[in-house]
Amino acid sequence: MTLKDTLRIPDSVAARKIGDETILLNLETGTYYGLDSVGSRFLELLERNGEIAFAHLTLLQEFDVKPEILEADILRLCEEMRSKGLLEAVR
Amino acid sequence: MNGTHTYRICDLAIASNIPLPELTAATVFAADCHFELLPPGNPSPGNFVWFHHWTIEEDNEEEVAKEACKEAWTHFARTSDGYLLRFPSCGDFFLSADTLRIQCRPLPRIPEVTVRHLLLDQVIPLVLSRRESVVLHASAVLTAHGVIAFAGKSGQGKSTLAASFAQKGCAMVSDDCLVLREQHGNWIALPSYPGVRMWPSTAEQLVGKETYTADVAHYSLKRRVSDADLLPFANRPAPIRRLFFLADETSTVSIERLAPGRAFVSLVEFAYNLDIRDAAFLRRQFEAVGQLTETIPAYAIHYPRQFASLPVVWDTVVNHLREAGDRDAEGYPAHSR
């Protein structure tokens with residue numbers, strides 16, 4: 001996975017922002033997941049524009065973080081969420 | 001159905017072919033649900049795929065009950081026209097998919113009191129979970145500030161806590177199964193049915209040795225206390241005001257606000273759910289719990305599990321509600337509390 005990829009939340013997932021966190025439910029497995037405030041902000045940006053690069057660029061402006069570190073963190077989160085069925089690639 | 005008895009529990013009109021003396025009889029024009037006790041027999045044969053299991057583990061005071069509770073499993077399976085709930089040591093309950101029909105085939109020699117307990121306290125909450133907004137494993141009482149709920153695992157003391165509030169004059173809304181219904185953005189708690197289940201020592205401490213208590217089930221030492229003079233029971237719905245989740249025991253009493261995410265997860269943990277694989281139901285429950293989290297403040301309550309501490313818990317909760325009431329009057333948004 002790279003910053004050029006585009007992702008979305010599949011129909012089989014319910015997501016809801018609760019406070020500054022986001023709760024996700026994989027309806028196929030019945031498993032709940034939580035994202036902290038930063039992860040929640042990332043998902044919000046991804047829902048607005050599915051390109052990971054857009055979220056990366058926006059978060060760089062919002063947080064004091066090195067681009068390569070943010071990229072690694074984002075891609076790791078995306079991989080983890082995709083492996084749990086919480087994100088899917090847009091073809 | 002001949003010999004039909006009709007009752008109401010949590011606003012559910014139920015018709016039964018056996019008397020259910022724990023419930024208040026009601027004149028019902030059209031029942032929402034029909035219960036039929038079948039002749040005793042062996043478990044239904046068939047290669048059922050069990051998709052879910054319940055284990056009841058309580059922090060019991062008597063070894064006999066502890067052993068019995070360890071065996072009190074519930075297995076969930078889908079059938080061609082609904083669900084099978086198997087209580088291996090007691091019998092089978094069959095639910096139609098629309099939950100309009102419940103049948104029980106008890107194992108031989110299982111007494112009716114046990115069947116009624118399983119029906120009222122384990123099966124009906126699952127039926128209600130299909131029909132109502134949110135059904136919680138929680139005790140609740142009606143205070144001067146509205147309904148407050150105590151949610152916690154079995155054996156954590158929620159019935160004892162609620163009963164101690166009832167003794168102060170707060171009507172019991174539920175002992176174990178709290179139905180919360182969303183109505184135009186407001187959340188209403190529906191009274192379940194009169195009575196509280198408690199350990200003999202708890203009953204002795206709270207309502208006295210001389211009070212009449214009834215059996216709950218043949219496998220449990222718990223007693224059912226239904227004396228309305230000692231423990232008044234709410235007879236109409238009322239707005240839910242606060243959710244308290246029973247936290248680990250501490251030496252002092254304290255109340256802390258739960259972060260919204262934690263409140264959400266706690267609500268899901270204590271919500272009844274007949275079919276954890278039903279995506280449409282899960283989505284509906286997800287939305288309902290989300291709305292509830294955003295509307296009703298949730299707290300963790302820590303306290304010593306000693307009878308002598310119950311008056312302090314009462315004072316702490318009442319002061320908390322009074323202060324929260326003052327803030328409400330000043331127009332604080334619910335989510336900022």
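A: Start with a hairpin: strand 2 and strand 3 of chain A form one, with 2 residues between them. Gly19(A), in the turn, has a positive phi of about 65 degrees. Strands here are DSSP runs of E of at least two residues and helices are runs of H or I of at least four residues, both numbered from the N terminus. This is a predicted model, in which local features need pLDDT of at least 70 and side-chain atom pairs count only at pLDDT 80 or more, while totals for chains, interfaces and linings use all residues. Residues are numbered from 1 along each chain as its sequence is written, and chains are lettered from A and ligands numbered from 1 in the order in which they are written.

Q: In what sense do strand 2 and strand 3 of chain A pair, and over how many bridges?
A: Strands of a sheet pair through backbone hydrogen bonds, either parallel or antiparallel. Two strands count as paired if DSSP finds at least two bridges between them. In chain A, strand 2 (residues 13–18) and strand 3 (residues 21–26) pair in the antiparallel sense over 6 bridges. Val13(A) has Asn26(A) in strand 3 of chain A as its bridge partner.

Q: What is the strand order of the open sheet in chain B?
A: The open sheet has 8 strands in the order 1-2-3-8-7-6-5-4, with mixed pairing. Strand 1 (5–9) and strand 4 of chain B stand at the edges with a single partner strand each, so one side of each has no neighbour in the sheet. On average, neighbouring strands are turned by 20 degrees against each other, direction ignored. Strand 1 of chain B pairs with strand 2 (residues 12–16) of chain B in the antiparallel sense over 5 bridges. Within that strand 2, Ile14(B) is the bridge partner of Tyr7(B).

Q: Which helix of chain B packs on the sheet?
A: Helix 2 of chain B does, touching strands 1, 2, 3 (33–37), 5 (73–79), 6 (82–87), 7 (91–96) and 8 (101–106) of chain B. The direction of helix 2 of chain B makes about 145 degrees with that of strand 8 of chain B. Such angles run from 0 to 180 degrees between N-to-C directions, and axes are lines fitted to C-alpha atoms, for helices over the stretch in contact.

Q: At what angle do helix 2 and helix 3 of chain A pack?
A: Helix 2 (residues 52–62) and helix 3 (residues 67–83) of chain A pack at about 135 degrees, with their axes 10 Å apart. That makes helix 2 of chain A oblique to helix 3 of chain A; angles under 35 degrees count as roughly parallel, over 145 as roughly antiparallel, 65 to 115 as roughly perpendicular and the rest as oblique. The crossing of these two helices is right-handed. A crossing is left-handed if the near helix is turned anticlockwise from the far one by less than a right angle, and right-handed if clockwise. The residues in contact include Leu59(A) of helix 2 and Ile74(A) of helix 3 of chain A, where contact is C-beta atoms, placed from the backbone, within 7 Å.

Q: Which residues join helix 1 and helix 2 of chain A in contact?
A: Helix 1 of chain A gives Arg41(A), Phe42(A), Leu45(A) and Leu46(A), and helix 2 of chain A gives Phe54(A), Ala55(A), Thr58(A) and Leu59(A). By class, this contact has 6 nonpolar, 1 polar and 1 charged residues. Ala, Val, Leu, Ile, Met, Phe, Trp, Tyr, Cys and Pro count as nonpolar, Asp, Glu, Lys and Arg as charged, and the others, Gly among them, as polar.

Q: How is chain B divided into domains?
A: Chain B has domain 1 (5–131) and domain 2 (134–336), with bounds from an automatic or database domain assignment. Their C-alpha centres lie 23 Å apart. In the contact, 31 residues of domain 1 of chain B meet 25 residues of domain 2 of chain B. Helix 2 of chain B gives the most to the domain 1 side, with 10 residues.

Q: How many residues does each chain give to the contact between chain A and chain B?
A: Chain B gives 14 residues and chain A gives 12 residues. On the chain B side, helix 6 gives the most, with 6 residues. That side has 9 nonpolar, 3 polar and 2 charged residues.

Notes
Contact = placed C-beta atoms within 7 Å.
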